[in-house]
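Here is a structure to read with a few questions in mind. Each answer sets a value against a definition and then concludes.

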Amino acid sequence: MKAALVGFGQVAQMAHLPALAEQGVEIVAVCEENPERLKAARKRLPAARFYASLEVLLENETSVEFVDIATPPYLHASQALAALKRGKHILCEKPLTLSLDELSTLEHAAETSGKCLFTVNNWAYSPQWLTIQELVDSAALGDVLHAQVQALRTKPAESAVPGDWRRQPAQAGGGILVDHGWHNLYLLYRLFKTTPKRVTVNLHAGPGGVDDEAALFMEFPAASALVH
């Protein structure tokens, strides 16, 4: 499968690139507007073609079947929509969108195009979680009435460029609850297979005004969960 990689930051270089190579995906094009990151991409992928604009990439790279979006959250919805309109399958870093309106638009575009739109939910495929999911699905543990998730990040995620977009609300869409909490939420949805009736949230604001600590108590129809 021929693919385009959109964004060549730390997660793209250290996680997406090796995973795609392992699956035999051929990256034929890269979109990156930062000069330093573009230089790094050229070094790692000398045979690819490079663009500063996703629109230009999609116009020229008609052979691309699959687009991997690894940019900051505020770009995800518009970039995914542009790729869907061009008839591309999409893997997008989390969070997929920052609003319900964007989600509705993307759902419609994916249905109309008949293409796959999938978010990076990598924790759900870890060996630890797959074991837990198997035990729950097989009823080996009986009914699960409560789940508690402790997700401690002792230092900020590494950034490939100066600054930390995760502490910029306009780019990140929020703090630790959006960035790290996303993983916990999709795991709980897989565990209980339903939406909570009520969610109580306590946030602590850190530098830049975004939350750097979050506590959630979630009440499901037949269970509860505590996330910190």
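Q: How many cavities of 30 Å³ or more does a search of the whole structure find?
A: The model is a predicted one. The search finds one such cavity, and the largest cavity holds about 30 Å³ of space.

Q: What makes up the lining of the largest cavity, by residue class?
A: The lining consists of Pro 73, Pro 95, Trp 165, Arg 166, Ala 172, Val 178 and Asp 179. Pro, Trp, Ala and Val count as nonpolar, while Arg and Asp count as charged. The division is therefore five nonpolar, no polar and two charged.

Q: Why is the contact of Glu 59 and Arg 86 called a salt bridge?
A: A salt bridge needs a side-chain nitrogen of Lys or Arg within 4 Å of a carboxyl oxygen of Asp or Glu. The N to O distance here is 2.6 Å, so the pair qualifies. Glu 59 lies in helix α3 and Arg 86 in the loop between α4 and β5, so the pair ties together parts that are 27 residues apart in sequence.

Q: Why is Glu 59 called partly exposed?
A: Buried means under 20% relative accessible area and exposed means over 50%. Glu 59 has 47%, so it falls in between. Arg 86, with 42%, is partly exposed by this rule.

Q: What makes Arg 198 and Glu 219 a salt bridge?
A: Their closest N and O atoms are 2.7 Å apart, and the limit is 4 Å, so the pair counts. Arg 198 lies in strand β8 and Glu 219 in strand β9.

Key: Residues numbered from 1 in each chain as written. Predicted model: local features only at pLDDT ≥ 70, side-chain atom pairs only at ≥ 80, totals over all residues. Heavy atoms only, no water. 1 Å grid on protein atoms, 1.4 Å probe; cavity = no way out; pocket = protein on both sides within 12 Å on 5 of 7 lines; lining within 4 Å. Points joined across faces, edges and corners; volume = space filled by probe spheres on them. Helix = DSSP H or I, 4+ residues; strand = E, 2+ residues; numbered from the N terminus. Buried < 20%, exposed > 50% of the residue type's maximum accessible area, 1.4 Å probe, protein only.
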